[in-house]
Amino acid sequence: MFKEFIKHLFPKVTIKKNLKISYTLCLGGLSFTAFLILIVSGILLALYYTPEPNNAYNSIIFIEENVSGGKYIRNLHRFASNTFLVLIFLHILRVIYTGAFLSRKYNWVIGLFLLFFSIFTGYTGYLLPMDQLAFWATQTGAELIKILPFGDYIYNMLIPDGIGGRLTLIRFYILHIIIMPISIIILSFIHFFRVRRDKGVLPYL
């Protein structure tokens, strides 16, 4: 699968008309690039972040005020997360507009899962600064979870001791930096693999 991913990035031949800059601007590739930026900046932030309710906010302040380039890295991470979601939405809209999902239904489902996982990853990361905005935004999202099928079960699993509780913060942190990124990476590789397998509008692959 990794070999297919590399071949997708560096095909032996390409069609001349596909080299033109179009309105889509390789939205899928740009989305994955934003995700890579999120990984790198997230690792740098994790070196100084403290996933404890009483110290999380102070660790964010420390990163911004005392770590060299810390404020830039945090803003880059936040900007890349917003850009990542926007690019995914635009990519999905392009697939719908062109009707590409009709001939690649399996990959379409994978793409929808990638969208859902990306949104949920952003949600889990929103609590981590533990400021007032993070607290109330996460609280609002948690109430929306309750209206889903098995919502109460999901809520209790994610938030065992309330928004801002120690167990809740640790679970959100683990989901945000380990479980969800790994899930997105695996699905992305499958997604790229299926693009080559299905060929679609890229017969030279």
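The dialogue below goes through several features of a predicted model.

Q: How many helices and strands are there in the protein chain?

A: The protein chain has 8 helices and 0 strands. Read from the N terminus, the order of elements is α-α-α-α-α-α-α-α.

Q: What percentage of the residues counts as buried?

A: Of the 205 residues in the protein chain, 38% count as buried. On contacts, take those between residues at least 6 apart in sequence: 69% of them join residues at least 24 apart.

Q: How is a pair of packed helices described?

A: Two numbers are used for packed helices: the angle between the axes and the distance between the axes. Here, helix H3 (residues 56-66) and helix H4 (residues 70-98) have axes that come within 5 Å and cross at roughly 120°.

Q: Which residues of H3 and H4 make the contact?

A: From H3 the contact takes Ile 60, Ile 63 and Glu 64, and from H4 it takes Gly 70, Lys 71 and Arg 74. By class, the residues of this contact of H3 with H4 are 2 nonpolar, 1 polar and 3 charged.

Q: Where is Ser 59, and is Ser 59 buried or exposed?

A: Ser 59 is a residue of helix H3. Its relative accessible area is 5%, so Ser 59 is buried. Leaving out residues up to four places away in sequence, Ser 59 touches Tyr 48, Tyr 49 and Thr 50.

Q: How is a pair of aromatic rings described?

A: The description uses the distance of the centres and the angle of the planes. In this model the count comes to 11 aromatic pairs. One of them is formed by Tyr 48 and Phe 62, with 6.2 Å centre to centre and 45° between the planes, and this pair is tilted.

Q: Which parts does the pair of Tyr 48 and Phe 62 tie together?

A: Tyr 48 lies in the loop between helix H2 (27-46) and H3, while Phe 62 lies in helix H3, so the pair ties together parts that are 14 residues apart in sequence. Tyr 48 has 40% relative accessibility and counts as partly exposed. Phe 62, with a relative accessible area of 39%, is partly exposed.

Q: What are the values for the pair of Phe 116 and Phe 117?

A: Phe 116 and Phe 117 form a tilted aromatic pair, at 5.9 Å centre to centre with 55° between the planes. Phe 116 counts as exposed at 51% relative accessibility, whereas Phe 117 counts as buried at 19%.

Q: Which residues do ring pairs link into a cluster?

A: The cluster consists of Phe 113, Phe 116, Phe 117, Phe 120, Tyr 123 and Phe 172, linked by ring pairs.

Q: Which ring does the charged end of Lys 146 sit over?

A: The charged end of Lys 146 sits over the ring of Tyr 155, at 4.5 Å from the ring centre.

Q: Where does Thr 168 lie, and which residues is Thr 168 in contact with?

A: Thr 168 is part of helix H8 (residues 166-198). At 0% relative accessibility, Thr 168 counts as buried. Its side chain is joined to that of Asp 161 by a polar contact of 2.6 Å. Leaving aside neighbours within four places in sequence, Thr 168 is in contact with Leu 127, Leu 158, Ile 159, Pro 160, Asp 161 and Gly 162.

Q: Which residues is Ile 96 in contact with?

A: With neighbours within four places in sequence left aside, Ile 96 is in contact with Phe 101 and Trp 108. Ile 96 belongs to helix H4 and is partly exposed, with a relative accessible area of 41%. Ile 96 and Trp 108 are 12 residues apart along the chain, and their C-alpha atoms are separated by 9.6 Å.

Conventions
Residues are numbered from 1 along each chain as its sequence is written. This is a predicted model: local features need pLDDT of at least 70, side-chain atom pairs count only at pLDDT 80 or more; totals for chains, interfaces and linings use all residues. Side-chain values use heavy atoms; hydrogens and water are left out. Axes are lines fitted to C-alpha atoms, for helices over the stretch in contact, and angles run from 0 to 180 degrees between N-to-C directions. Helices (H or I, at least four residues) and strands (E, at least two) are DSSP runs, numbered from the N terminus. Contact means heavy atoms within 4.5 Å. Ala, Val, Leu, Ile, Met, Phe, Trp, Tyr, Cys and Pro count as nonpolar, Asp, Glu, Lys and Arg as charged, and the others, Gly among them, as polar. Rings of Phe, Tyr and Trp (its six-membered ring) pair if their centres lie within 6.5 Å; planes under 30 degrees apart count as stacked, over 60 as edge-to-face and the rest as tilted. Buried means under 20% relative accessible area, exposed over 50%, partly exposed in between (1.4 Å probe, protein chains only). A charge sits over a ring if NZ of Lys or CZ of Arg is within 6 Å of the ring centre and within 35 degrees of the ring normal. A polar contact is a pair of N or O atoms within 3.5 Å; within protein, one must be able to donate a hydrogen and the other to accept it, and residues adjacent in sequence count only if both atoms are side-chain atoms.
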